[in-house]
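Please work through the exercises below with the sequence and the model side by side, trying each task before reading its solution.

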2 protein chains.
Amino acid sequence: VLKLYGINEPSIAEKLSDLPGKSGNIIFGFYPRFPENHITLSLRGEDQTSLTGELDVMEREIRSRVGAFIFATGDHTMEGVVGEMLLQKKLTLSVAESCTGGLVGNLLTNVSGSSGYFLGGVIAYGNEAKMGLLGVSKQTLDTHGAVSDPVAEEMAEGVRRGLKADLGLSVTGIAGPDGGSDEKPVGTVHIGLASGDETFSGKYRFWGKREQNKLNSAMMALDWVRRYLHGNPFLPGL
Amino acid sequence: VLKLYGINEPSIAEKLSDLPGKSGNIIFGFYPRFPENHITLSLRGEDQTSLTGELDVMEREIRSRVGAFIFATGDHTMEGVVGEMLLQKKLTLSVAESCTGGLVGNLLTNVSGSSGYFLGGVIAYGNEAKMGLLGVSKQTLDTHGAVSDPVAEEMAEGVRRGLKADLGLSVTGIAGPDGGSDEKPVGTVHIGLASGDETFSGKYRFWGKREQNKLNSAMMALDWVRRYLHGNPFLPGL
């Protein structure tokens, strides 16, 4: 199983359209597993060595087309992959969560051993918490609103500073069903990532119900850390 | 459906043993839905009025035996019930999470409208975060360890103060599989609740895997708020 995030089924189908669904002894298919998409490679046959060889060729072929979206294989999860990378690079992470309300921290701490790289964070659900616990300035909040790139950046920088972590990751958005506006509809989410040297931010739009928007926001935030540590560009936002 | 927390199947069976599984037109049964236990009352018949009457009698009978453990009925959830009570009493809540890593906040914010009573919190996974963001004293940590009643109390008081909330709720424990000791085995969890006037704390022991221990810890913490707001005693700990 190859697990993908940030690409939808039609796009996967298009990019893999010239690959045969069945090639030699390998059958491949893909199916959505919200908010992920999974590509499965099934083997048939008995010759272990030649099967492994065929599998390698097919996986390489798939990776050459959608590799940037593949975050994990087999039983691995986004939070597990991010954790392994942080551990390997000896970096610590902190999170500042608004609309996800603790989900990013919850996912990270589902991984045994996460205390080795995850220091904790702040659930800054209200503006008071954003100012008081993260040092987001009132002026930034007044000028841009809580759901904005500048606030996402100040949240990421604030939690990084407050927890003395190498990385600060932030999420601020509108999970819905209430709270949306014409300018900032339900599903609008800004991600921030601060490394000390640089701070990044980006805007996305999700189209699900409350819990789906929370999950997509948390996955996108973790994917930012994965892509940052890989040196890959972040997924394009709005 | 009557949803119970904090009582196991054998205890439910014992307390309801003299009730007939089928009484008149009502069939009752119960089944576990980790970490909850559900009692289902199924109706058969057509006379709406008499059925409703029978149902009331049966429900009253059940409530007289296990009522303190019933936190919700039907589609309602623990986090939904706690939210409704907070809204009704015009009280705000903040959370300080160690071993749950954000799960309490995540559950609370799955409820639409939770921004009306949930201000946010701190994920204090490491001791640095407990001291820096929550004001837990180094002396308390050194004397009692991070997983202790005194630290749970200081965490609850710290987050309440920091977020200017009416209530501060805290969880600190050992989710496992690593980190346990003879004195504090995996599954040991301390809950704290600070109201300004008073601060409570209590120790529990859960027996599941990491994610199960996290879920039980979060449920127990939310149940403390529910019981506190009801004026009911907390579930007895260790």
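Predicted model: local features only at pLDDT ≥ 70, side-chain atom pairs only at ≥ 80, totals over all residues.

Residues are numbered from 1 along each chain as its sequence is written, chains are lettered from A and ligands numbered from 1 in the order in which they are written, and side-chain values use heavy atoms, with hydrogens and water left out.

**Exercise 1.** Determine which strands pair with strand 7 of chain A, and in which sense.

Solution. Helices (H or I, at least four residues) and strands (E, at least two) are DSSP runs numbered from the N terminus, and two strands pair if DSSP finds at least two bridges between them. Strand 6 (residues 93-97) of chain A is joined to strand 7 of chain A by 5 bridges, and the two run parallel; here A:Val95 stands opposite A:Gly121. Because 6 of its 7 residues are buried, strand 7 of chain A is largely enclosed by the rest of the structure (buried means under 20% relative accessible area, exposed over 50%, partly exposed in between, with a 1.4 Å probe and protein chains only).

**Exercise 2.** Describe the surroundings of A:Leu193.

Solution. Begin with its place: A:Leu193 lies in strand 9 (residues 188-194) of chain A. Its relative accessible area is 0%, so A:Leu193 is buried. Leaving aside residues up to four places away in sequence, A:Leu193 touches several residues, among them A:Ala156, A:Leu169, A:Phe200, A:Trp224 and A:Tyr228 (contact means heavy atoms within 4.5 Å).

**Exercise 3.** Check whether the length of helix 8 of chain B agrees with its number of residues.

Solution. The expected span is 1.5 Å times one less than the number of residues. For the 21 residues of helix 8 (residues 210-230) of chain B this gives 30 Å, and the end C-alpha atoms are 30 Å apart, which agrees. Since 16 of those 21 residues are buried, helix 8 of chain B is largely enclosed by the rest of the structure. Just after this helix, B:Gly231 takes a positive phi of about 75°.
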